[in-house]
Amino acid sequence: SKKNIILLLASATLLSTQAHAAKVYQVATDAAYAPFESVNEKKEIVGFDMDVIKAVASKAGIEVKLHNTPWEGIFATLSSGDRDLVASAVTITPERKQSMDFSDPYFEAKQLIAVSKKSSITNFTALKDKKVGVQTGTTGDEIVQKLLGKTNPNIKRFESTPLAIKELQNGGVDAVVADNGVVINFIANNKSSSLKIIDDATFAKEYYGFAVKKGNKELIEKLNKGIAAIKADGTYDKIHKKYFGN
Ligand code: ARG
């Protein structure tokens, strides 16, 4: 009967809304990393990574919720199940791949050295007997460890990259090693910073990926599908242009 058909349609609609609302993927990000992730005046988490993950999610037909999460321990939120993915300018490294899975790369980066304009440092090896600030557990930390030794007290570790840069401005460290995008963004937005950039030719290319709990193939497939889709239809380029001007 007509009434039955209407009931059937109503319950089908209800079911599909429920199925759609069922899974919201929880995203961890250390939002002290402009232009990739930061908190604006309205207390919203914004940035390149956030625009990318939202666009990827929309193409993949999934929902995401952003959570500002300290970098230290950010990957543990995956294994504990508190978060489903980390979108935080995370470099894909062989060591990290042992304990988590990564999406396809979505951004190319490299390390840069920031020093005072008055500094005589001109390259990476000149940091050997210097105090170097890094964000704990980043690829910058790893690279500096290779030169200075893991336990060298001259490596000054900070819980965020802005704190490391602040210490450089205060003269507490001689240099900071961090991702290019963040260093360039800081100097561009703080004209009075009196810092300069050293681009060392020995630094390798790095690639950012979204990290998920090891074995979560289903989510990786969704993310990769989304990444491919935003690259194919120009969405990625638009976001890139918004944050990097090209
Ligand atoms: N790319 C570097 C790494 O993966 C630094 C990332 C830091 N990200 C952040 N949101 N603080 O180690």
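Author: Proline 35 is found in the loop that joins β2 (32–33) to β3 (37–39). The model is a predicted one, and within it the peptide bond leading from alanine 34 into proline 35 adopts the cis form, with omega near 5 degrees. Lysine 43 is not a glycine, yet its phi is positive, at about 65 degrees.

The ligand can be considered next. In total, 14 residues surround the ligand, and the closest are Asp30, Ala89, Thr91, Arg96 and Asp179. For the side chain of aspartate 30, an N or O atom lies 2.7 Å from a nitrogen atom of the ligand. The corresponding distance from a ligand nitrogen to an N or O atom in the side chain of threonine 91 is 2.8 Å. Glutamate 37 also takes part, with a side-chain N or O atom 3.0 Å from a nitrogen atom of the ligand. On its own the ligand has 350 Å² of accessible area, and the protein covers 100% of that area.

The remaining topic is a pair of helices. Helix α2 (residues 48–60) packs with helix α8 (residues 217–232) at an angle of about 105 degrees, and their axes are 8 Å apart. Because angles of 65 to 115 degrees count as roughly perpendicular, α2 is roughly perpendicular to α8. On the α2 side, the contact is formed by Val52, Ile53, Ala55, Val56, Lys59 and Ala60. On the α8 side, Lys222, Leu223, Gly226, Ile227, Ala229 and Ile230 make the contact. By class, the residues of this contact comprise nine nonpolar, one polar and two charged.

Methods:
Residues numbered from 1 in each chain as written. Predicted model: local features only at pLDDT ≥ 70, side-chain atom pairs only at ≥ 80, totals over all residues. Heavy atoms only, no water. Axes fitted to C-alpha atoms, helices over the stretch in contact; angles between N-to-C directions. Helix = DSSP H or I, 4+ residues; strand = E, 2+ residues; numbered from the N terminus. Parallel < 35°, antiparallel > 145°, perpendicular 65-115°, else oblique. Contact = heavy atoms within 4.5 Å. Nonpolar A, V, L, I, M, F, W, Y, C, P; charged D, E, K, R; others polar. Near = heavy atom within 4 Å. Polar contact = N/O pair within 3.5 Å; in protein donor to acceptor, adjacent residues only side chain to side chain. Areas by Shrake-Rupley, 256 points an atom, 1.4 Å probe, with all protein chains shown as cover.
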